[in-house]
Amino acid sequence: MSIILALLIFSVIVIVHELGHFLLAKHNGITVTEFSVGMGPRLLSHEWGGTRYSLKILPFGGSCMMVGEEEESDEEGSFGSKSVWARISVVAAGPVFNFLLAFVLSVIIVANVGYDDTVVDVTPGYPAAEAGMQDGDRIVRMGGSRTYVYREISLFNSLHQGQPAEVTYRRGEEEYTIKITPVKDESGYYRYGFEKVNVRTRGNVFTTAGYSLAELRYWLKATMESLLKLVQGQVELNDVSGPVGIVNAIGDTYEESRTDGWYYVALNMVIMSILLSVNLGVMNLLPIPALDGGRLVFLLIEAVRGKALPQEKESMVHFLGFVLLMGLMIVVLVNDIRQIFL
């Protein structure tokens, strides 16, 4: 079941990504030769409006093939014949659609289970209480960053264990700012001494939309800060998951929630989809050759210079980037298998 769920989640996320490229390509008059769902040989295929729409045998992934996307071409309807800003919109649309998907899924979560605001209970004897915080205070900033959901506070603490933090909280109409240093609890985990009030709240349509944006913001922040820790060397290889690790995580989540019923299985799968969709969007925007972000770098250089770099040089850079990415994926894949089976 975990493999089926993983394939379904991956497929939806990748198809939405490719749909973004497809819709912006069509909008800008670029000829899309094929839009496919799945990979491998075609099962079903139909041509309409100059585009072949295909369902392929392997039930994951998808693609959007455009004229002149990979080779230099100035013919009418080709990718290269359009303005640089039109091409930027087409390339950026994939990640943007991943973020839109994550927002829609966040609306489903918040509408069904509510949101976790930043109202806290304070533990006596810990730094927060000693600094004057009280039960019912609402934390509005943590470490200089605005907070909308309590998980942002938990994320900050987990990524800055043992470090002092500036905390701004609201009590009634007044705001107070304190600086507190966490202390270890019995388990060795550093705590500031406040916990969320264990209640999720459902709001009206506008509140749901607002907290859905906060949900999306949280996952973006978590992804970006985790990547920063990885670049800084503060995250080990064992903390990075590839496809096998993700499938295993989906399976574990399914097993843990299925005893509560399919409703909770579905909600947890939606949460996993938000995480993966945001991750795909962020990763594709990184300025790495062969990814959308790498292509955007070349297009932005073209916008500044007023002319494109030679196509053969750009293709070579993307090819080398692709080779390096494949090497990294193999390393992560082997590490996933080692952690699961050894």
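Student: Leaving aside its neighbours within four places in sequence, which residues is Arg87 in contact with?

Tutor: First, the ground rules. This is a predicted model, where local features need pLDDT of at least 70, side-chain atom pairs count only at pLDDT 80 or more, and totals for chains, interfaces and linings use all residues. Residues are numbered from 1 along each chain as its sequence is written, and side-chain values use heavy atoms, with hydrogens and water left out.

Now Arg87. Beyond its neighbours within four places in sequence, Arg87 contacts Phe79, Gly80, Lys82, Leu299 and Glu302. Contact here means heavy atoms within 4.5 Å. Arg87 lies in helix α2, residues 84–113. Helices are DSSP runs of H or I with at least four residues, strands are runs of E with at least two, and both are numbered from the N terminus. The relative accessibility of Arg87 is 9%, so Arg87 counts as buried. Buried means under 20% relative accessible area, exposed means over 50%, and partly exposed is in between, with a 1.4 Å probe and protein chains only.

Two of those partners, Leu299 and Glu302, lead on to α8, which spans 292–305. The loop between α7 (262–285) and α8 holds Ala290. Phi of Ala290 is near 85°, a positive value in a residue other than glycine. Most residues other than glycine have a negative phi. With 23% relative accessibility, Ala290 is partly exposed.

Step back into α7 and take Leu276. Leu276 is buried, at 12% relative accessibility. Apart from neighbours within four places in sequence, its contacts are Ile9, Phe10, Ile13, Ile246 and Ile250. One of these, Ile246, is 30 residues away along the chain, with 9.0 Å between the C-alpha atoms.

The buried ones are Tyr150, Arg151, Glu152, Ile153, Leu155, Phe156, Asn157 and Leu159. Arg151 also places its charged end over the ring of Tyr218, 4.8 Å from the ring centre. A charge sits over a ring if NZ of Lys or CZ of Arg is within 6 Å of the ring centre and within 35 degrees of the ring normal. Arg191 does this with Tyr126, at 4.6 Å from the ring centre.

On to the rings. Rings of Phe, Tyr and Trp (its six-membered ring) pair if their centres lie within 6.5 Å; planes under 30 degrees apart count as stacked, over 60 as edge-to-face and the rest as tilted. That rule gives 8 aromatic pairs. In one of them, Trp48 and Tyr53 have ring centres 6.4 Å apart and planes at 45°, so the pair is tilted. Trp48 is exposed at 62% relative accessible area, and Tyr53 is partly exposed at 26%. Tyr218 and Trp219 pair edge-to-face, 5.0 Å centre to centre and 65° between the planes. Both Tyr218 and Trp219 are buried. Ring pairs also join Phe22, Phe35, Trp48 and Tyr53 into a cluster.

Some positions are open. Phe206, in helix α5 (residues 205–231), is exposed at 72% relative accessibility. Phe206 and Ser54 are 152 residues apart in sequence and 39 Å apart in space, C-alpha to C-alpha. Glu130 sits in helix α3, residues 127–130, and is exposed at 62%. Glu130 and Ile180 are 50 residues apart along the chain, with their C-alpha atoms separated by 9.2 Å.

Last, the chain overall. There are 9 helices and 10 strands. Of the 342 residues, 41% count as buried. The C-alpha trace spans about 70 × 50 × 45 Å along its principal axes. Among contacts between residues at least 6 apart in sequence, 66% join residues at least 24 apart. The accessible surface is about 18,500 Å², with 62% of it on carbon and sulfur atoms. Such areas come from the Shrake-Rupley method with a 1.4 Å probe; for residues, only the protein chains shown count as cover.
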